[in-house]
Amino acid sequence: MAYDEVFNFYYKENIEALEANNAKIQYFSPLSDESLPDADGIYIGGGYPELFSKELSENTQMLKDIKQFHEESRPIFAECGGLMYLMNSIHDDKVVDIYPYKAVLTNRVQALKYTIAEVQQDNIISKKGEVFHGHEFHYSKVIVDELKNPLAFKITRGKGSYNNMDGFIEKNTLASYVHTHVAAMPNFAGNLTISANELGD
């Protein structure tokens, strides 16, 4: 789990639910750690990577480690700030580059709503046909000139990342602007832990 000055928005209940599903949480810093710790899955929460984009881009070994983790089809789940970090760049600073899009900060709120999402296809935290609630609050947006990834969630209330959709999927990586809470997505922790157990080796 990414946790430092950049990424620090997590619901405590989500962490407790992961632990209740026998996940052993190990924290790391995308900003200052020299390499990714040994892990079966990665969870990158919300935060303010736009304020640290230059420093994040300079930690090249960490970027390579996370990209390699993804290339090996091991599970990565990212929310909001975490989504930005997995894009090609934040402003003009290169970041992980799992998704070929640029994240940029704007001068106005892009989304500030409680959300309702319908799952369109199976992914590492949910199954097709499920409906869950969450929330979104961000000034940033993802610039998508040509969509090259499936999107897991149809946003029936809220805005999402692209055309009222959210949840960029690439291999076993899922990134979304929607913040989830285990109370609104009861299978979140179990599914993410199962994904890490089955896909993380």
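Predicted model: local features only at pLDDT ≥ 70, side-chain atom pairs only at ≥ 80, totals over all residues.
Figure 1. Thr173 is located in strand β13. Its relative accessible area is 1%, and therefore Thr173 is buried, the limit being under 20%. Leaving out residues up to four places away in sequence, Thr173 touches His70, Arg74, Ile76, Leu86, Ile98, Tyr99 and Phe168.

**Figure 2. The largest nonpolar core and the contacts of Leu86.** The largest nonpolar core comprises 57 residues. Those with the most contacts inside this core are Ile44, Ile66, Tyr85, Leu86, Ile125, Phe153 and Phe168. When residues up to four places away in sequence are not counted, Leu86 touches Ile44, Ile66, Ile76, Ala78, Val96, Asp97, Ile98, Tyr99, Thr173 and Ala175.

Figure 3. Ser57 belongs to helix α2 (residues 53–58). Ser57 counts as buried because its relative accessibility is 17%, which is under 20%. Apart from neighbours within four places in sequence, Ser57 is in contact with Leu63, Asp93 and Lys94. Ser57 and Lys94 are separated by 37 residues in sequence, while their C-alpha atoms are 5.4 Å apart in space.

**Figure 4. Helix α5 and the elements that cover it.** Helix α5 (residues 188–199) has 12 residues, which at 1.5 Å a residue should span 16 Å. The end C-alpha atoms of α5 are 16 Å apart, in agreement with that expectation. The buried residues of α5 are Phe188, Ala189, Gly190, Asn191, Leu192, Thr193, Ser195 and Ala196. The cover over these buried residues includes α1 (12–20), β2 (42–44), β4 (76–79) and β14 (179–180).

**Figure 5. Salt bridge between Lys12 and Glu16 in helix α1.** The structure holds 6 salt bridges, one of which joins the side chains of Lys12 and Glu16 at 3.8 Å, N to O. The two residues are 4 residues apart in helix α1, so about one helical turn separates them. Lys12 is exposed, with a relative accessible area of 57%, whereas Glu16 is partly exposed, at 39%.

**Figure 6. Salt bridge between Asp97 and Lys67.** The side chains of Asp97 and Lys67 meet in a salt bridge of 3.8 Å, N to O. Asp97 lies in the loop between β6 (93–94) and β7 (99–105) and Lys67 in helix α3 (residues 60–71), so this pair ties together parts that are 30 residues apart in sequence. Asp97 counts as partly exposed at 29% relative accessibility, and Lys67 is likewise partly exposed, with a relative accessible area of 23%.

**Figure 7. Salt bridge between Lys102 and Asp92.** In the salt bridge of Lys102 with Asp92, the closest N and O atoms are 3.0 Å apart. Lys102 lies in strand β7 and Asp92 in the loop between β5 (87–90) and β6, so the pair ties together parts that are 10 residues apart in sequence. Lys102 is partly exposed, at 30% relative accessibility, whereas Asp92 is exposed, with a relative accessible area of 64%.

**Figure 8. Edge-to-face pair of Tyr3 and Tyr27.** The count of aromatic pairs comes to 11. Among them is the edge-to-face pair of Tyr3 and Tyr27, at 5.8 Å centre to centre and with 70° between the planes. This pair links distant parts of the chain, 24 residues apart: Tyr3 is in the segment before β1 (7–9) and Tyr27 in the loop between α1 and β2. Tyr3 counts as partly exposed at 44% relative accessibility, and Tyr27 is partly exposed at 44%. Tyr3 and Tyr27 form one aromatic cluster together with Tyr10, Tyr43, Phe77 and Phe188.

Definitions and conventions: Residues numbered from 1 in each chain as written. Heavy atoms only, no water. Core = buried A, V, L, I, M, F, W, Y, C linked by side-chain atoms within 4.5 Å. Buried < 20%, exposed > 50% of the residue type's maximum accessible area, 1.4 Å probe, protein only. Contact = heavy atoms within 4.5 Å. Expected span 1.5 Å × (residues − 1). Salt bridge = Lys/Arg side-chain N within 4 Å of Asp/Glu carboxyl O. Phe/Tyr/Trp six-rings, centres within 6.5 Å; stacked < 30°, edge-to-face > 60°.
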